[in-house]
Amino acid sequence: MTKKLLDSLFYVLFLFIGYFIWKFQVEKSFNLLTIYTLTVGFSFICFLFNIEIKKALPILFLSGLFMMYCFELKDGVIHYHYRQFFILLAIYASLLCTLIPRYPLLYKKIAAVVWMILIAGIYLLKGNEISTYRYIPYVIGSFFMFRTVSYLHELKFIKKEASVLDNINYFLLVPNFSLPLFPIVDYKSFITSYEGVNTNTLKRASLFVCRGFFQLILYRIIYHDIIFPISEIHTTSDVFIYVLSNFLTILRVIGAFHIAIGLVVLTGYNIPDLFNNIFFSTGFSNLWRRTNMYWKNFIIKIFYYPIYFKIKRIGIYSALFIATFICFFITWFLHTYQWFWIKSSFPIELKDAIFWGSFCLLVAINTLLQQKDLDRSTPKKASPPYDFIQQAFYGLIVLVVMSVLWSIWTSDSLYNWWSVMTLAQNINLHAIAKCLYIGVFYLCIASAYHFYQKHKEKKLLFIKKNMTVISYVGFIAFIGGIFLSMVIARHLNNMYFGLRIIPIVSERLNKADMMNIDNGYYTNLISTNNYCSQVWTNDYDINKNPTQYINMHATRPTYDILLAENIPNTVLKFKDNMTYSINSDGQHDKTYAKVKPDSCYRIVLLGGSYECGNGVSDGEDFLSKVETALNQQYVARINGEVKHIELINFSVNGYMLMQRFYQYQDKARAWHPDAVFLFLHTDYRQRITNYVSRLVYGENKINDPYLRDLIAKKQITKHDDNDALLKKLGDDADSINTYAIHGISAMTHQDNTRLIAVFLPAVKDIVMARDTNFNNYVCQRFDMKLLSLADVFYSQKNKDLSLSDVDFHPNKKANDLIAKKLLDNIILHQDYLNIQFTKK
Amino acid sequence: MTIENIKEEVKNYIKETIVQGDSVELLDETPLISGGIVDSISTLKMVDFLEVKFGIEFQPHEVDRENLDTIDLIAKFVLSKK
């Protein structure tokens with residue numbers, strides 16, 4: 001009884017960790033809290049009532065399936081999607097039927113291949129509608145992509161076949177729901193590891209979860225406080241810190257994997273450890289042995305040994321070398337295969353080859369040298385007393401080399417990577433001191449680690465014996481430290497609290513990624529095939545990011561200065577009956593007569609994605625609402641004559657000022673507007689840089705002489721990334737924007753059309769610095785009237801206004817706020833339009 | 001050849017070529033692979049030694065903790081192959 005009571009304390013710890021996961025929004029985008037709560041709750045019930053958890057696990061799976069894909073809480077109302085639940089259930093059941101029963105192995109293999117082809121087929125069928133079922137292959141793929149391989153491989157040799165229940169539990173690992181990138185659990189290890197819920201499994205599970213949580217928070221600190229945008233790299237030390245910190249983001253995967261394994265152990269299957277302090281490796285082969293041991297064992301068992309045995313006649317060292325090389329090639333391929341199942345992309349790039357090829361060579365050479373060294377030295381010399389410092393030093397070399405390789409692997413392109421590396425030439429004393437400081441800091445920690453490893457059996461036995469307690473105390477101190485920082489920061493300095501603490505305790509993007517998203521950098525999922533990026537998010541629910549979908553399906557390339565235009569007569573359907581339509585004239589609006597009726601006052605709108613109303617249904621965007629309100633609630637008169645107000649939306653997703661200029665010149669001007677609303681935001685320098693980059697990179701026809709000459713003068717090439725471009729353009733970035741507004745202003749002046757600037761702030765993180773100097777400058781210079789909506793989101797929470805965590809466009813609530821603010825401004829400044837509005 | 005002979009041969013091999021003077025206590029039940037004493041490359045070299053010494057032939061799937069994790073398991077496995 002006492003033992004049971006003591007064991008139940010573990011669940012108190014799990015409860016606390018659950019609270020922290022909720023409070024800190026850990027892996028919120030993957031709904032980790034749901035799966036964590038379910039698993040812990042389920043394990044506790046089994047523990048309390050002495051239920052054999054193994055037999056009850058399919059119920060946990062069904063609950064997970066229900067909670068993740070059937071149950072949805074939205075605006076305080078519960079929605080059910082039974083169809084999705086049953087479709088997924090049917091697919092899982094069919095897959096298990098083909099794999100589990102005692103059919104001949106060949107049948108199972110054929111069945112597995114047929115299933116994979118079928119699911120891959122669903123993958124590749126992309127309709128013009130965002131289907132709520134689109135995520136199904138992702139879910140199935142992440143569950144079966146590797147475990148099927150391990151299962152079919154083991155069946156050939158297994159002496160005693162496992163029970164059907166063990167097989168089912170192997171395939172239906174519940175944490176996989178919220179962690180699609182899941183460790184490759186070995187079939188044989190899994191089925192032989194069952195212990196049930198006992199002190200040992202509870203202890204191990206809690207340690208795994210604590211460690212995972214700690215690593216994920218550490219990742220956030222690195223992601224927000226250490227990683228900085230490439231444009232801020234100037235010296236050797238900046239390059240050094242940039243490269244190291246990028247490698248450290250691997251903590252995200254390590255942390256998530258530890259939580260996943262912890263939850264599996266909590267269900268009674270006491271599977272082995274996964275990572276072994278990878279930052280303290282003493283060589284490249286040592287690093288390979290410490291990193292994701294499940295992956296390493298999978299590769300060794302399925303590929304390495306069979307290859308080695310086939311070729312070992314050529315000599316042991318040659319066979320080892322060749323087998324290692326082939327296996328790294330397979331590892332590269334399997335990483336890509338993994339992305340196919342999780343994100344339906346199949347990225348094969350030169351930088352992957354460089355990363356895996358170099359890593360392979362280093363491991364192979366390191367292994368051979370070690371083996372030859374072993375062969376030579378008999379007997380081995382006693383290790384020197386200070387060898388832990390030597391090991392730490394080797395660790396530093398491994399860390400630096402791996403960081404450099406990692407930076408290649410995760411870079412956008414080799415050209416960009418090289419342009420960052422060349423900045424390391426800017427060396428000065430301060431930079432050298434900074435690098436040395438980091439190096440010495442690492443050496444101290446690593447030496448302590450190796451010292452402990454060396455002496456833990458004798459001198460440090462006390463620490464070894466009490467390591468579990470030390471770990472718990474350390475974890476509590478860590479969490480306590482964060483809470484304390486929150487309290488102190490909140491009391492001392494609110495701004496500091498906002499900038500430093502909030503990003504750590506909540507899931508949000510850092511400055512570099514925010515800038516990239518703002519610029520549409522991730523629109524085509526270019527760089528999100530990166531395990532560690534916070535931007536990397538599952539596309540189960542593409543509805544979370546409608547802008548990306550609209551860009552892909554509602555616009556088409558023009559191969560000129562506009563880059564893209566709306567596709568006329570397009571209708572996109574999202575879930576919840578939401579539609580996004582383009583009319584026959586290519587406007588995201590209802591249809592208007594091109595010839596302006598006499599009784600009409602026509603305003604054309606030039607904007608980008610905000611003004612397109614991404615993520616809200618047709619008619620619910622702020623511009624449609626303002627138009628409706630102006631006509632329904634007010635009577636508009638010019639010189640006593642009643643006018644009907646038309647607001648025609650010429651905005652196109654992703655349009656910057658230069659494109660708006662040409663949109664007006666080539667299209668909107670012909671609609672003879674009485675006024676033009678030119679929407680202005682912030683960060684135009686960054687936006688125009690992104691625009692020029694896309695223009696040059698896509699080899700589009702630059703039919704504007706000013707821009708063409710400027711690009712030639714600044715020697716801008718398609719190899720320049722945004723940051724390099726920003727440096728090359730300098731103040732000319734603002735000049736391009738000024739030029740564009742000047743162009744619009746000249747045309748409107750010539751046509752006697754009123755040009756009114758509308759300043760609309762972005763629904764953005766408080767971390768982003770904003771400045772509106774440019775807007776004020778251009779309004780003064782071109783004598784534009786300004787309708788400022790600067791305080792439209794005042795006292796609102798940003799997260800309540802964005803479409804999602806990955807799409808910062810205004811949601812319905814934000815659109816309503818903007819509509820009201822804009823309407824009030826138009827009425828207040830009706831003289832700008834030369835209209836008299838009277839309330840009906 | 002008895003199981004004890006095999007154990008002795010294996011123990012000597014591990015001491016001479018893998019452990020090499022490290023203060024590791026080698027008992028019949030000492031975990032070799034799961035205890036980190038023998039890594040994957042050393043395992044393959046040990047397999048090579050066992051094949052030559054005892055005239056047996058390993059299959060790739062037999063290079064496994066189930067057969068090679070302790071001196072005791074190795075000896076039993078070798079005996080079963082002979």
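Tutor: A:C70 counts as buried because its relative accessibility is 0%; buried means under 20% relative accessible area, exposed over 50%, and partly exposed in between, with a 1.4 Å probe and protein chains only. This is a predicted model, where local features need pLDDT of at least 70 and side-chain atom pairs count only at pLDDT 80 or more, while totals for chains, interfaces and linings use all residues. Side-chain values use heavy atoms, without hydrogens and water; residues are numbered from 1 along each chain as its sequence is written, and chains are lettered from A in the order in which they are written.

A:C435, at 18% relative accessibility, also counts as buried. For A:C435 the nearest cysteine sulfur belongs to A:C444, 16 Å away.

Now the contact, meaning heavy atoms within 4.5 Å. Chain A gives 22 residues to it and chain B gives 24. Across this interface there are 3 salt bridges, each a side-chain nitrogen of Lys or Arg within 4 Å of a carboxyl oxygen of Asp or Glu. The side chains of A:K188 and B:D64 form a salt bridge, at 3.4 Å from N to O. On the side of chain A that touches chain B, the elements giving two or more residues are α14 (293-311), α15 (316-343) and α16 (350-376); such helices are DSSP runs of H or I, at least four residues, numbered from the N terminus. The largest share, 7 residues, comes from α14(A).

Key: Disulfide = S-S within 2.5 Å.
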